[in-house]
Structures are given as C-alpha cells and as structure tokens.
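Open the model in your viewer and keep the sequence panel beside it.

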Amino acid sequence: QNGGASQMDLFDPKPELTKRNGQKAADVRGGNADVPSNEPLMGTAFKFRQHGESGIEFSELVPHLASVADDLCVVRSMYSNDPNHPGATYMMCTGNNRPGRPTLGAWCVYALGSENRNLPGYVCLRDPGIFHSGGAMQITNGWLPAQFRGTELRTEGEPVLNLNPYAPRPDGVQRNNLAFLEKLNRLQQERYPTESVLDARIQNYELAARMQLHASPELDLSNETAATEKLYGMDREETATYGRRLLLARRLVERGVRYVMVLSPGSHNVWDHHANLNTGLPDICNRTDQPSAALITDLKQRGLLDETLVVWTGEFGRTPTSQGGSGRDHSPHGFTLLMAGGGLKPGFVYGATDEIGYKAVENRVSVPDLFATLLHQLGLDHERLTYDVHGIEENVTDTKVNHARVVSDLLV
C-alpha cells in the first residue's frame, strides 16, 4: 500500500489521541528528516468498533477488511528506520533501506523455485504508468542471479506484451528463429560462463516460448464467475481495477506462482496523505478495501489460505500530529501490518504503540523480524538461506546487523 497508510485512522484506535486533540505533542518526530514536529496532536475523525468473534477494532473506513477480522493476524507494533519513501520501500521489499540487496520475492524463488514452468516464479502487478517510490528496485534480484528478478504482468489487455509476432509467419519460421537464437546464446554462454544476466536472458526466452502456448489461457479472467467478479468489486468503477489485479493474483497463486507482489492503484504514493487526509483516505480505502478482503475470502473458500501468506502493508505509518492542519507526516516509528493465512494466528492482535499511536512500545517487530517469520512459515531458515557475495556469505535478513528473529507468538 504505497505511501504509508495512517494506522491511527484505520487499525490502531487511540482514544487518548482523540482526547488530546489540538494539544502540543512532546518529542514527536516525523517527515523526511525525522525532525521534531511543531504541529499539535490530531485525533481521528473516523469511528472504530469491534468486529468478529475476535473483537478486533477497525475503522469505519475498512468495513470489508473488518468483515474478515477473524482471519486476520494484526501486528500493531511494526517499526522501521527510514522516514523517506524510497529507503522505507527498499526496507519493506529487501529488509534493508539501502538499494542493492535482493527482494524477499527474489530470495523465495531462489530458495524454492516455482511450481509452474510456464509462468514466472515471482510476479509484480501494478498500474501500467505508475511504479510508486522505489521504482523497479521493488522487484530487484540484487546480487542474486538475474533470473530471480520479479516479472511484471499487465492487468489490462494482454498480460504479457510481445509474446507473439505482430504479423503472421509461415509455419516453422518462428521455431527456426528461436532455434537459431538459442544456438547463438549457447555460444555466448560458453564464452562467458559466469555471466548470470546472459543465463537469465536464455531462461527468459525459453520461458517466453512456453508462455506463448500456455500463459494467455491461464491468465484469462473471462472464465471467472459473475459472483467471483462481484466479490472483488469488478462490477464497481471504484474497485474494478484493483479488484482485477487481486483476482489475477489469486489465479497466479492457484497456478503455482511462488510470490506475487501487488502495488497500490494510482496516483503516485496514493496513501501519502500530507494534506486532505479526511477526504483522501476514504477515497483510497473505497478503492482497495473490498478487493483486499475478497482475496482473503476467495483463497479461504478455495482451500488455499492455509498454504498462502497474505501481507497488507505500507512502507511506514503516519504521525499522531497534524501536518498543515489536515494531513499527517511520515513516521517509521510505529505502524500496523495485516496478515492472513499460512499458519499465522487468525483473529489475533500482536504488539502495541504508545497511547497516541506514535512509537511501537510493546512486542516490537522489525521488518527483518517479519521476513524471518514469513520465511519460517515457508519452511526456510532465514540464517541458513545464504548467497556468496565476493566471499561473504550474505543471508536474507542480514542477521549479523539486524539480529532478526522469528516472532513465534504470531504462529499457530
């Protein structure tokens, strides 16, 4: 959820913050420079109430996510270390706020491969014209071999461009061209046996050839039922685009794609409400809430939720102080993340921020801790999942620096 959703307006009710609305804040830091705020505290304008047998409190802005409260594992004590969009996005994607390390998706496919030879193992779904802060670094392979980089699939029109020639060709021409290309690639590979980019290119051509035969039918949503399309909100203009993206994500998971990353709809960093939060936040919730809940419901009714990890998160949270009287600034010090499935405790709330929702203070969870926990649920030990980088055994969570741990309290 690119831009950073406001936890105290959606998932982390703070009566004390509302009570102290307009008062001066003591040492609340936010913004790109993480400097003290001179703005007053700002309570939420939105009502919270309990939902489900678990009684988890949700804002009125997310009624659909609230309706699956008993399936959700809610972590209210996430924290990060970068108040800027690019660095915080790198952190959420790679476990480090500096560019260059592999993303979690790249590590997963490196470790586990894919269950479908005809589709990429790691897929990114986004609006065609928007990549949000962080750009393509959100799907980078880093220093892992290039074939583990994420692959973008389109959610409008043809899922994959340029799979087939624009003009018809006589029988055998395409096959001969591909055979000749393969021969040239193999000759080049013999000259440069350690060049992973070339190896990845060869594998991509081979995958593309298989996708020519199989991808379009597997990614075709036309055979989904009207009830399923309505579940995802594809019958409403506001939710149709994001709903289509999440429905495609379910189809990919169903067909053995290992890791699917879905980015927010537009505009750029759409959850970044520095101003007009009381109108902008309801708008983006209206576009994403129903499809997000639909994905969890759909996976569950198909028997896929137990073996699928679903994570809903931004790159950081927002400050409890106002910004210009109508918005909130960036805050990495405490935010909320939602998860479901994959052996995580359902209907469960973990951790807490302080009384005004500023800092994670109870059962704090870092992003590397999150990675260690998710990988554990995939059967992987984050300390043993390594790759040799210039003679140094690097692991997925950079444990020597981050001291990442599996948060066992989140597990069934």
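## Stop 1: the salt bridges

Select Glu224 and Arg251: they form a salt bridge, with the closest N and O atoms 2.7 Å apart. Glu224 sits in the loop between α7 (196–219) and α8 (226–231) and Arg251 in helix α9 (residues 237–254), so this pair ties together parts that are 27 residues apart in sequence. A salt bridge here is a side-chain nitrogen of Lys or Arg within 4 Å of a carboxyl oxygen of Asp or Glu. Helices (H or I, at least four residues) and strands (E, at least two) are DSSP runs, numbered from the N terminus.

Before going on, note that this is a predicted model: local features need pLDDT of at least 70, side-chain atom pairs count only at pLDDT 80 or more, and totals for chains, interfaces and linings use all residues. Residues are numbered from 1 along each chain as its sequence is written, and side-chain values use heavy atoms, with hydrogens and water left out.

Are Glu224 and Arg251 buried or exposed? Glu224 counts as buried at 10% relative accessibility. Arg251 is buried too, with a relative accessible area of 2%. The cut-offs: buried means under 20% relative accessible area, exposed over 50%, partly exposed in between (1.4 Å probe, protein chains only).

Arg302 forms a salt bridge with Glu224, the closest N and O atoms being 3.8 Å apart. Arg302 lies in the loop between α10 (277–301) and β9 (310–312), and Glu224 in the loop between α7 and α8, so the pair ties together parts 78 residues apart in sequence. At 34% relative accessibility, Arg302 is partly exposed.

The whole structure holds 21 salt bridges.

Jump to Arg318 and Asp272. Their salt bridge brings the closest N and O atoms to 3.0 Å. Arg318 is in strand β10 (residues 317–318) and Asp272 in the loop between β8 (259–262) and α10; the pair links distant parts of the chain, 46 residues apart. Both Arg318 and Asp272 are buried.

## Stop 2

Select Asn141, in the loop between β6 (122–125) and β7 (151–153). Asn141 counts as buried, at 11% relative accessibility. What does its side chain reach at 2.7 Å? The backbone oxygen of Leu144. Show the contacts, meaning heavy atoms within 4.5 Å. Not counting residues up to four places away in sequence, Asn141 touches Pro102, Ala106, Ala146, Phe148 and Arg149.

Next, pick Ser196 in helix α7. Ser196 is partly exposed, with a relative accessible area of 27%. Leaving aside neighbours within four places in sequence, Ser196 is in contact with Pro145, Ala146 and Gln147. Draw a C-alpha to C-alpha distance from Ser196 to Gln147: 7.7 Å in space, for 49 residues in sequence.

## Stop 3: strands

Select β3 (residues 48–51) and β4 (residues 56–59). They pair in the antiparallel sense over four bridges. Pairing requires that DSSP finds at least two bridges between two strands. Gln50 has Glu57 in β4 as its bridge partner. The two strands form a hairpin with four residues between them, and Gly52 in the turn has a positive phi of about 70°.

Then colour β12 (residues 335–340): six of its six residues are buried. Phe335, Leu337 and Met339 lie on one side, with Thr336, Leu338 and Ala340 on the other. In a regular strand, side chains alternate between the two faces of the sheet.

Which strands flank your selection? Strand β5 (residues 72–79) runs antiparallel to β12 and is joined to it by five bridges; Met78 partners Phe335.

Finish at helix α11 (residues 367–377). Nine of its eleven residues are buried, so the helix is largely enclosed by the rest of the structure. Among the buried residues are Val367, Asp369, Phe371 and Leu375. Just after α11, Gly379 takes a positive phi of about 85°.

Note on methods:
Polar contact = N/O pair within 3.5 Å; in protein donor to acceptor, adjacent residues only side chain to side chain.
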